[in-house]
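User: Hi! I would like to understand how the labels for this model were reached. Could you take me through them?

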Amino acid sequence: MNLLNGMMTRRTMLARGAQAAALAAMASRLGPLVAAPGSRWFKIGACEWNLGKADPSSFDVAKQIGLDGVQVNMGSVANDMHLRKPEVQKAYLEAAKRTGLEIGSLAIGEMNNVPLKSDPRAEQWLMDSIDVCKALGISIVMPACFSKGDLDLARTQEIDHLVKVLKRASAKAEKAGITIGLESYLSAEDNLVILDRVASPALKVYYDVGNSTDKGRDVLKEIPLLGKRICEFHFKDGQHMLGQGRIDFKKVRKALDQIEYSGWIQIEAAAPHGVLRDYAAHYKFLRTIYPERK
């Protein structure tokens, strides 16, 4: 390389460096909503139980609304947790293919009635759910811990049992490449206590911004505290339409950018005017803040 070429190269490098610095400063001023626009992307679905259908026809409802997919429920005691059955799995996979939508993740809602913290049936369901996830081609299962399954760290015997169950299930989940996303009313700090006791990368938190707000917690502080130990989100805001209540979803987006979250957001919101109308409005509102992959 001759001297002239070297000088041009250095000048070019300096100019490009100055340009990059200016762009970085601009992005910093504008904030994470526009910083690195291609780095954050989201898929937006809804919970099967909110779509009014506890079967594969939930995908047809989701298609009408314009959603990207559905979070499906493993079943109930009444139907023997039907997604464990190959023929039911096939029906869900066919519904997803027919509508062009995706199965976002798996929930085990029946654990609200049959607690993971105390009932051996729930542990078996959690073990089985890992196989269900593999069959459906998804990577997250959400055991729900509300109502009879509600968690309280002060109930040490229940929490000790829960930790043992989660250790056994997480060992299987790790080998299968599946994440268990624990959803409860616990604070971020209490969730971290359980995650640290289990000490498995396969166990994370399924975070619901509405539930945490209901409990008087600051989601804008909890989300960064939990960080990458959040695996997926539920979005709701009590009886409010999204964007018209207590939660500032633009600020929530900034919190998600802080932890570099990309992935599914599942709508579990109110629908005072009907599911088709209101969930389409929820989706449209969220898409103004949470972009899809380009």
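This is a predicted model: local features need pLDDT of at least 70, side-chain atom pairs count only at pLDDT 80 or more; totals for chains, interfaces and linings use all residues.

User: Why is L51 called buried?

Analyst: Buried means under 20% relative accessible area, exposed over 50%, and partly exposed in between (1.4 Å probe, protein chains only). L51 has 4% relative accessibility, so L51 counts as buried.

User: Where is L51 found, and what is L51 in contact with, leaving aside its neighbours within four places in sequence?

Analyst: L51 sits in the loop between β1 (42-47) and α2 (58-65); helices (H or I, at least four residues) and strands (E, at least two) are DSSP runs, numbered from the N terminus. With those neighbours set aside, its contacts include A46, V61, L67 and Y279, where contact means heavy atoms within 4.5 Å.

User: What makes the span of α5 agree with expectation?

Analyst: The expected span is 1.5 Å times one less than the number of residues. For the 21 residues of α5 (residues 156-176) that gives 30 Å, and the end C-alpha atoms are 30 Å apart, so the two agree.

User: What covers the buried residues of α5?

Analyst: The cover includes α4 (120-136), β5 (179-184), α6 (188-198) and β6 (203-208). Among the buried residues of α5 are I159, L162 and A173.

Methods. Residues are numbered from 1 along each chain as its sequence is written. Side-chain values use heavy atoms; hydrogens and water are left out.
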